[in-house]
Amino acid sequence: MWRRLGRTGEQTLTDALDNPDGHTLYRAQEAGADAEDKRRRAAEREAQRPVCRRCGRKFRDERWEEITVHRTAVRAGDRTVCGPCRADDVARQEAAAEAARLGAAAPPEPQDGPEEERGRGWLRRRP
């Protein structure tokens, strides 16, 4: 009979040398190492995530991808702001463009100011 370290009870020599749970132990250790590696990579990724210069929030994955992918980076606008701040910028630009378009389309209003002042005075009657 043999006693193995970390085991309770005695085992025969063939059972001690066979190590039936060796593969299970290896798979469990490998799964633990993989989980630790994933956690470490996620922490490194979060440490690299950019922060908005205006509001201080971290970028979401969509906005981060938008400013880093070459094809969409051209249309990303200000790359130092997050998605909601970028949406505010776009809305502000659209509102300014709409106001400029409406201002250009509206006919100028007549100015009656100088004529009213001309009718009043010390010697002139009020209408």
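pLDDT is the predictor's confidence in each residue, from 0 to 100.

**View 1. Confidence across the predicted chain.** This is a predicted model, in which local features need pLDDT of at least 70, side-chain atom pairs count only at pLDDT 80 or more, and totals for chains, interfaces and linings use all residues. Residues are numbered from 1 along each chain as its sequence is written, and side-chain values use heavy atoms, with hydrogens and water left out. The mean pLDDT of the chain is 77, with 71% of residues at 70 or more. Where pLDDT is low, the predicted coordinates should not be read in detail.

**View 2. Order of the elements.** The chain has 6 helices and 2 strands (DSSP runs numbered from the N terminus: helices are H or I, at least four residues; strands are E, at least two). From the N terminus, they run β-β-α-α-α-α-α-α.

**View 3. The largest nonpolar core.** Seven residues form this core: Cys-52, Phe-59, Trp-64, Ile-67, Val-81, Cys-82 and Cys-85. A nonpolar core is a set of buried Ala, Val, Leu, Ile, Met, Phe, Trp, Tyr and Cys residues joined through side-chain atoms within 4.5 Å; buried means under 20% relative accessible area (1.4 Å probe, protein chains only).

**View 4. Helix H5 and its cover.** Cys-85, Arg-86 and Asp-89 of H5 are buried, and helix H3 (61–68) is among what covers the buried residues of H5.

Definitions and conventions. Buried means under 20% relative accessible area, exposed over 50%, partly exposed in between (1.4 Å probe, protein chains only). Contact means heavy atoms within 4.5 Å.
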